[in-house]
Amino acid sequence: MAKPGRTMIIRPATTADLNAIDHVFRTSFCDTFANLYASEDLDAFLGQFTCDAWQREMADPAYAFAVGEQDGEILGYAKVGPNKLPHVSAQGVAELKQLYLLRRAHGTGLARHLMEWVLNEARRRGAQRLALSVWENNHRAQAFYRRYGFEDRGPYDFMVGTQADHDRVWEVAL
């Protein structure tokens, strides 16, 4: 278990981190959401996240990844990229595409450190606002984003296979 108060390192991700990023993504997503989906929908969704897909995004300058590690182990990551969400203006908006932690990193401050990286990276890219989507019943994540000033902008269907999750689009001024 990650221990609060221990030194956490937030750093830009490299291609050497892709297996760990994939592990964090799959483990966190399944721990949190797998019970919501038929296995074929979950498999179809997770099947989009291949080594090649991760590598393409990491090589694309429109995206930026950071990892959070403790004692040399990657426990979380964040990804920022171009906004593709509805309900926000296309001008000057970056999107928080993913912020995932392993369960044992909850409560350690790692999410806060990764969010600080996300906000700084979006500003560095010239964004005036940051958007994200979050499942309507993920109250823990909503409370976290609310602490940063994010406001609900409206509904968004996030597809997991053939199942539409009812997400909400949130936005904050930078």
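Start by selecting H87, which sits in the loop between β3 and β4 (93-101); strands here are DSSP runs of E with at least two residues, helices are runs of H or I with at least four, and both are numbered from the N terminus. A quick note before you click on: this is a predicted model, where local features need pLDDT of at least 70 and side-chain atom pairs count only at pLDDT 80 or more, while totals for chains, interfaces and linings use all residues. Residues are numbered from 1 along each chain as its sequence is written, and side-chain values use heavy atoms, with hydrogens and water left out.

H87 is partly exposed, with a relative accessible area of 41% (buried means under 20%, exposed over 50% and partly exposed in between, using a 1.4 Å probe and protein chains only).

Now jump to D71, in the loop between β2 (64-70) and β3 (73-82). D71 is another residue other than glycine with a positive phi, near 50°. Is D71 buried or exposed? Its relative accessible area is 58%, so D71 is exposed.

**Into strand β7**

Select V169 in strand β7 (residues 163-173). V169 has 0% relative accessibility, so it counts as buried. Show H87 again too: the C-alpha atoms of V169 and H87 are 7.1 Å apart, although 82 residues separate them along the chain. What does V169 touch? Setting aside residues up to four places away in sequence, its contacts (heavy atoms within 4.5 Å) include L85, P86, H87, V88 and Y156.

**Rings**

Next, colour the aromatic residues. Rings of Phe, Tyr and Trp (its six-membered ring) pair if their centres lie within 6.5 Å; planes under 30 degrees apart are stacked, over 60 edge-to-face and the rest tilted. How many aromatic pairs does this rule give? The count is 18.

Zoom in on F33 and W135: their ring centres are 5.9 Å apart and their planes stand at 90°, so this pair is edge-to-face. F33 belongs to helix α1 (residues 18-33) and W135 to strand β5 (residues 129-135), so the pair ties together parts 102 residues apart in sequence. F33 is buried, at 10% relative accessible area. Beyond its neighbours within four places in sequence, W135 contacts F33, L36, Q142, D165, H166 and D167.

To widen the view, select F25, F29, F33, Y37, F45, F49, W54, F65, Y77, Y100, W135 and F158, which ring pairs link into a cluster.

**Helices against α1**

Two packed helices are described by the angle between their axes and the distance between the axes. Axes are lines fitted to C-alpha atoms, for helices over the stretch in contact, with angles from 0 to 180 degrees between N-to-C directions. Under 35 degrees counts as roughly parallel, over 145 as roughly antiparallel, 65 to 115 as roughly perpendicular and the rest as oblique.

Show α1 with helix α2 (residues 39-46): their axes come within 12 Å and cross at roughly 155°. The two helices, α1 and α2, are therefore roughly antiparallel. F25, R26, F29 and C30 of α1 make the contact with L42, F45 and L46 of α2.

Last stop: α1 and helix α3 (residues 51-59), packed at about 110° with axes 10 Å apart. α1 and α3 are therefore roughly perpendicular. Here L18, N19, I21, D22 and F25 in α1 meet C51, W54, Q55 and M58 in α3.
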